[in-house]
Amino acid sequence: MSKDVLQTYHRKQARQSRLPAVLSCVKALSFGVCLTLMLPAFSAMAPTDSGEDIRYHSDGGGSIETEGNVRTTTLRENVRIQQGMVTIFGNTASLIQNTQTGELIRVTVAGEPARFTREAPLASETITGSSDTIIYYNEPGATAEALLSVVEFVGEASFTRGGTALECSEIKHIIETAATDSPGPCSGVFAPDETPDEDPVDN
């Protein structure tokens, strides 16, 4: 066989070998079982947004309250919050920060629904989701210096990343590790990302 024919054959074999696992996951999800998974296409650590500036906008009024080292900003009407490649839209939002470090503690956004987007250099790695309430925060990673960006979708949650699409009552997703968890009920589909065939190599 020529080199390009062999490459195409091996790619098809790899896809077929993953199909039973994909079908079993979809079948299990349709019965509302607890979901805990690592999206296989994104096993490498994604760049973190936790060190980026936090920007926000709202069309309505707002308030700021400070207690100790904690500042709480409340925003109303057509709210948009952005940190790095993450953008969250909703009707109202509560933004909690550490006043000494400026670090984000927690953002809670409510909407009908609230919407979440995390852009990425590759379209297949872009995250989109929506739910009644979206909670976004940082939690410690493997080391004290490494923070992980966590997004929780609560109430009629919808989530899409690459070939994975989920509809659940609640979904928790860690951006850097691509780990996803849901207590159920949940339904969805896991579709392996298609790799474009390489151009034939001239001999």
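Author: Happy to. One definition is needed before the walk begins: a residue counts as buried when its relative accessible area is under 20%, as exposed when that area is over 50%, and as partly exposed in between. Please also keep in mind that this is a predicted model.

With that cut-off in hand, 33% of the 203 residues of the chain count as buried. The chain has one helix and 11 strands, and the order from the N terminus is α-β-β-β-β-β-β-β-β-β-β-β.

Now to the cavity itself. The count gives one cavity of 30 Å³ or more, and the volume of the largest cavity is about 40 Å³. Its lining is made up of Ile 54, Ile 81, Gln 82, Gln 83, Val 86, Leu 104, Val 107 and Tyr 136. By class, six of the lining residues are nonpolar, two are polar and none is charged. Strand E4 (70-83) and strand E6 (104-118) each contribute at least two residues to this lining. E4 gives the largest share, with three residues.

Strand E2 (residues 54-57) runs antiparallel to E4, with four bridges between them. One of the contacts in this pairing involves the lining directly: Arg 55 has Gln 82 in E4 as its bridge partner, and Gln 82 is among the residues that line the cavity.

Strand E3 (residues 62-67) also pairs with E4 in the antiparallel sense, over six bridges. Here Gly 62 has Leu 75 of E4 as its bridge partner. E3 and E4 form a hairpin with two residues between the strands, and in this hairpin Gly 68 has a positive phi near 65 degrees.

On to strand E5 (residues 86-98), which is joined to E4 by 12 bridges in the antiparallel sense. Ile 81, one of the lining residues, has Ile 88 in E5 as its bridge partner. E4 and E5 make a hairpin too, again with two residues between the strands, and Gly 84 in the turn takes a positive phi of about 60 degrees. The lining includes Gln 83 and Val 86 as well.

From E4 we can turn to E6, the other strand that supplies at least two lining residues. Thr 108 lies in strand E6. This residue is partly exposed, with a relative accessible area of 30%, a value that falls between the cut-offs of 20% and 50%. The C-alpha atom of Thr 108 is 5.8 Å from that of Ile 134, although 26 residues separate the two along the chain.

In one of them, Phe 116 and Tyr 136 are tilted, with 6.2 Å from centre to centre and 50 degrees between the planes. Phe 116 belongs to strand E6 and Tyr 136 to strand E7, so this pair ties together parts that are 20 residues apart in sequence. Both Phe 116 and Tyr 136 are buried, that is, under the 20% cut-off given at the start. Together with Phe 153 and Phe 159, these two residues form one aromatic cluster.

The cluster leads on to the strands that follow. Strand E7 (residues 127-140) and strand E8 (residues 147-161) run antiparallel and are joined by 12 bridges. Within this pairing, Thr 128 has Thr 160 as its bridge partner in E8. E8 in turn runs antiparallel to E9, over 10 bridges. The hairpin of E8 and E9 has two residues between the strands, and Gly 162 takes a positive phi near 60 degrees there.

Cys 168 forms a disulfide with Cys 186, at 1.7 Å from S to S. This pair links distant parts of the chain, since Cys 168 sits in strand E9 (residues 164-174) and Cys 186 in strand E11 (residues 186-190), 18 residues apart. Cys 168 and Cys 186 are both buried, and the structure holds one disulfide.

Conventions:
Residues numbered from 1 in each chain as written. Predicted model: local features only at pLDDT ≥ 70, side-chain atom pairs only at ≥ 80, totals over all residues. Heavy atoms only, no water. Disulfide = S-S within 2.5 Å. Buried < 20%, exposed > 50% of the residue type's maximum accessible area, 1.4 Å probe, protein only. Pairing = 2+ DSSP bridges. 1 Å grid on protein atoms, 1.4 Å probe; cavity = no way out; pocket = protein on both sides within 12 Å on 5 of 7 lines; lining within 4 Å. Points joined across faces, edges and corners; volume = space filled by probe spheres on them. Nonpolar A, V, L, I, M, F, W, Y, C, P; charged D, E, K, R; others polar. Phe/Tyr/Trp six-rings, centres within 6.5 Å; stacked < 30°, edge-to-face > 60°.
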